[in-house]
Amino acid sequence: MEPSVEGPDFATKVRRAEEITHRLQTNHWKFATVPEMFAKATCDVVAKEIVTIHDGRVQTLYGRLVMKGIGSTFQLESPASALNVTLPGRPKLFDDINRQIGSRGLSDFEDFRKLPLPQEAEFFGQTMFYQVRDLVFWSALHECGLSPSGFEELAGHINRGEVVTSLLFKPSRSSKDLDSPVLALAHTCKQFPTPVVQWIPKPLFGGVARETLHIDTLLTEEPCQVSHPFLPLVADGIVVVDNRRYHMRRFAGTSPKDAVRGPGTGAEGPRQS
Amino acid sequence: MNVSAHDHGCGTVAFDLYVRGEIPRAFDGSLVVATSRRAKDRTVFSRWHDAQADLMRLDLYPGRPGRICAHVLSVDSTAANLCGEFFQESKPRSSLGMNSGSKNDKADYAPNHVTQPNHGVNVAGSTVWVTNLLFGAPLEVDLASWMPRRVLRYVDLNETATRTTSTSHFAWSLDGRYAYFHQSLLEQASRKTLVRATDLRLIRIDTRTGAEHIWTLIAPPGDCALESSNFHSGFYFEHGGRRYVGLLRTGALLESLTAHTIPVDHYVAPMPLSTIWIAELVDEKAALQAWLLDGVTSNGLALSHLDVDAAGQDGFVLYANYKEAPVGEETHGKNIYGEPPADVVEHYPGMIVEALNYGTVMRYEWRGGKKSLKEFRRPYDPGQTALGHTWLPINIQLSSDKQRLFCTFSGLRPRLLSEHIAAAYPSRIAEQSDVSFVPPLLMRLNAATLEPDFGGDRNHLSYAEPVAMTVVGGDGADYVCTFSPELGLRIILGDDLRRLICHGQSPNLMHWRDSHFRPEPAHMEFVHR
């Protein structure tokens, strides 16, 4: 996924990515005309713990993400507000809240406890895509490709005035097949102004994990009845974070992904003639 | 604005949406949406009968950003508050001295919903009639107060005919004054026979005076199997000085009148091909003999939704869609991959229509005595997304100038397709190797050719849009609205489906305590203020 070359070879790679992008754009983003753009990497978030702090004006989302993938370097793409800023994650925040409410966080899930210990990883190389062309160019340059359905979904977000953020992570150990996938843990944070609570949209299936073990903890300064679109309420009360009291509502369960295909069905790719 | 909802009593809640962009002047009015709400806990077998019907009225106030206020009415499906209308239904089993395992066919018919308006929306002036996908009688709601007025039922229930079926989407006279819809009883002689319609009626409501006219409807000679006599949509036209109503005979088959109590796989009777019934409206007659519209040669299942251009009083151009889906079946049990529901997180059982194959959009023209048919059907090719697809067509609506046709397609979630349902259609189901996820789509077609209306740089389509859609004209432009509780209300420029004009959303739309809106609402209607 990384360019892996520099100097004149990199300039060649950039020209090649531009040529692919131009070809795809002039063909109305039909991937069949540029088969090399079909996605190659596979990666999914298998478990996530999110803390959403909404103060009535600004929403801050802290994420503890456990990802499973095949490869060596992975990318996490997600739509975001155009006013979004990406901040460093806060690993201790989750333990701090969980301790107050008597939870082990993701380890409350039996299925999570069965997973191997994930490697610690850090996100790097944050990029924001403002138009579909940027997204395609970056993906061509990094030779990771795109799934057409995923591309259409992200294009929709861009058309609606959002941006697509991209973060990379590279666990120390890589994987070549599904039998021994990489499991990595990383933390992130997003912040953007909004007067209403905005939940993260349903993620798209990346080919590895069809669903997500999911904890979402909403903290608000005032009591509220806001509920999660698909997770049940499992706890509510008061927690203290950074010496501030928050009203807490916790939702937990297994959340679905979109674009899930049936077992044995391959990823979107060039049509076999 | 805040994040809390306000209970106004009487089962209604109101709250503002967070609005970005601009609400065009054409939107000085309200959008009405019928929804279905179920428990989030998917281990509970949540039959469609158990779903709560909520009606949303979104009041729009043009401006930048303008304002959108949502009013949500939770419908009491027993209509208990509408006294005097419905004593023949809804006797609880306990009062009949039975349990759910009763073998007494004749008595095992309660409890029933009098009205469960979670699907179609029909509007005239300050009155809204909301309908179910298939069952029950329309609920009449006063638009201003957002309170139910009455249930429209014109047939009498009895011990074997314990339910009704009505047209979800009414036909309207050319001046919009008269509404037409079908209603009949549903009866089941025994558990070994299919449910069949009896006592078929065609009803006309004069929206100015409130007067009603009821005809008996006689099935066409070539299509008198009353097991499939249900009609999802109707249309009106005039020809040679005479008035007619057309009814899309959808053809859903029901194996049982009662709701599933346990989600066991069962025999599924394959639906027959859909037809279109035509009846001439003659006030002096008590009974109208319907006949079949000829030349509708499609091999399609579940003819469902339509728009019609009947101007000129010389026939019509009908635009309609076939779902290629076994409507009327409750999805449950193992899916086509043999996976149990517990392993399929996106699964929620109960009346989810999942397509067997890609559907069809048709254009049927009957003008000046000449008839012609065009059809458009297309699989989803991920390598050629610009071509669109026709998987599970839902909404279909003409632009103001009748030159373009806006359509929504729900796509396919293959893991939601039940094995026992698919098994009933071995020759119709798509090749397993071709079946994969198909994203929802909003697409603009050329109304004359039915081909995708390719604009510059793919402005004729937008993927991942909610399927509930309506087209609103004004200011010299057409706007397309889409809505789902999770994704909110979107107003899109009809000329360029990539251009979002306005977006309204609220977390209060996404949930209601420990329930959520499933499946997504299918339709909505706009009413000018």
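**View 1. Cys407(B) and its partner across the strands.** In strand S27 of chain B, Met443(B) is the bridge partner of Cys407(B). Strand S26 (residues 404-409) and strand S27 (residues 441-446) of chain B run antiparallel and are joined by six bridges. Strands here are DSSP runs of type E with at least two residues, helices are H or I runs of at least four, and both are numbered from the N terminus. This is a predicted model, where local features need pLDDT of at least 70 and side-chain atom pairs count only at 80 or more, while totals for chains, interfaces and linings use all residues. Residues are numbered from 1 along each chain as its sequence is written, and chains are lettered from A and ligands numbered from 1 in the order in which they are written.

**View 2. The open sheet of chain B.** Four strands line up in the order S25-S26-S27-S28, with antiparallel pairing (two strands pair if DSSP finds at least two bridges between them). S25 (393-398) and S28 of chain B stand at the edges with a single partner strand each, so one side of each has no neighbour in the sheet.

**View 3. Where chain B meets chain A.** The contact takes 37 residues from chain B and 39 residues from chain A; two residues are in contact if their C-beta atoms, placed from the backbone, lie within 7 Å. On the chain B side, strand S28 (461-463) and strand S32 (500-505) each supply at least two residues. The predictor gives the complex an ipTM of 0.95 and a pTM of 0.94.

**View 4. Helix H4 of chain A.** Which residues of helix H4 (residues 132-141) of chain A are buried? They are Val132(A), Leu135(A), Val136(A), Phe137(A), Ser139(A) and Ala140(A). Buried means that 20 or more other C-beta atoms lie within 10 Å of the residue's own, exposed means 12 or fewer, and partly exposed is in between, with C-beta atoms placed from the backbone. The buried residues of H4(A) pack against helix H1 (7-26), strand S6 (123-129), helix H5 (148-159) and strand S7 (163-169) of chain A. Just after H4(A), Glu143(A) takes a positive phi of about 55°.

**View 5. A stretch to read with care.** Chain B has a mean pLDDT of 88, and 90% of its residues reach 70 or more (pLDDT is the predictor's confidence in each residue, from 0 to 100). Over residues 83-111 of chain B, though, the pLDDT is below 50. Where pLDDT is low, the predicted coordinates should not be read in detail.
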